[in-house]
Amino acid sequence: SGQSPANMAEARTWAMDNGISDGTNIEDVITREQLVTMLCRYAQMKGCDVSDLASLSCYTDASGVSDWALQSMQWAVSAGLIAGRR
């Protein structure tokens, strides 16, 4: 986004201030759902259209997608960010 944070704390604050992340679990690995949700929020912040949503019904693990991440996952599949075996 044109920002150059001096350290991870500054980057975390930026992400929280811009609604990209809630800043929790900073020592944990992130899930695919969390990453995709942050990417979708960033795209929205930058003014990108994230309304094109793909169906996940052909993926065998679609029922495991959390409700809070569903729309972001559908967007990521539609945008070609996520692909897998159907």
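Reader: How many helices and strands does the protein chain have?

Author: The protein chain has three helices and zero strands. Helices are DSSP runs of H or I with at least four residues, strands are DSSP runs of E with at least two, and both are numbered from the N terminus. From the N terminus on, the order is α-α-α. This is a predicted model, in which local features need pLDDT of at least 70 and side-chain atom pairs count only at pLDDT 80 or more, while totals for chains, interfaces and linings use all residues. Residues are numbered from 1 along each chain as its sequence is written, and side-chain values use heavy atoms, with hydrogens and water left out.

Reader: What does the C-alpha trace span along its principal axes?

Author: The C-alpha trace of the protein chain spans about 45 × 30 × 20 Å. The chain exposes about 6,100 Å². Carbon and sulfur atoms supply 50% of that area. Accessible areas come from the Shrake-Rupley method with a 1.4 Å probe; for residues, only the protein chains shown count as cover.

Reader: What share of the residues is buried?

Author: Start with the cut-offs. Buried means under 20% relative accessible area, exposed means over 50%, and partly exposed lies in between (1.4 Å probe, protein chains only). Here buried residues make up 24% of the 86 residues.

Reader: Which residues of helix 3 are buried?

Author: Helix 3 covers residues 70-78. Ser-72, Met-73, Gln-74, Trp-75, Ala-76 and Val-77 are buried there. What covers them includes helix 2.

Reader: How should I read residue spacing in a helix?

Author: An α-helix has 3.6 residues a turn, so residues three or four places apart point the same way. Ser-72 is buried, with a relative accessible area of 9%. Gln-74 is also buried, at 18%.

Reader: What does Ser-72 touch?

Author: Contact means heavy atoms within 4.5 Å. Not counting residues up to four places away in sequence, Ser-72 touches Val-36, Thr-37 and Cys-40. The C-alpha atoms of Ser-72 and Thr-37 are separated by 5.2 Å, although the two residues are 35 apart along the chain.

Reader: Is Thr-37 buried or exposed?

Author: Thr-37 is buried, with a relative accessible area of 4%. Thr-37 lies in helix 2. Leaving aside neighbours within four places in sequence, Thr-37 is in contact with Trp-68, Ala-69 and Ser-72.

Reader: With which residues is Gln-74 in contact?

Author: Leave aside neighbours within four places again. Gln-74 is then in contact with Asp-52, Leu-53, Ala-54 and Leu-56. For the whole chain, take contacts between residues at least 6 apart in sequence: 51% join residues at least 24 apart.

Reader: What happens at the start of helix 1?

Author: Look for a polar contact. That is a pair of N or O atoms within 3.5 Å; within protein, one must be able to donate a hydrogen and the other to accept it, and residues adjacent in sequence count only if both atoms are side-chain atoms. Here a side-chain oxygen of Asn-7 reaches to within 3.1 Å of the backbone nitrogen of Ala-9. Asn-7 sits in the segment before helix 1. Asn-7 is partly exposed, with a relative accessible area of 42%. Ala-9 lies in helix 1. Ala-9 counts as exposed, at 51%.

Reader: Where is Asn-25 found?

Author: Asn-25 is in the loop between helix 1 and helix 2. Asn-25 has a positive phi of about 55 degrees although it is not a glycine. Asn-25 counts as partly exposed, at 48% relative accessibility.

Reader: What is the volume of the largest pocket?

Author: On a 1 Å grid over the protein atoms alone, a pocket is an open set of points where a 1.4 Å probe fits, with protein on both sides within 12 Å along at least five of seven lines; lining residues have an atom within 4 Å of a point. Grid points are joined across faces, edges and corners, and the volume is the space filled by probe spheres set on the points. The largest pocket has a volume of about 710 Å³. Of its 25 lining residues, the closest to the centre are Ser-21, Gly-23, Thr-24, Ile-30 and Met-38. Helix 1 gives the most to the lining, with six residues.
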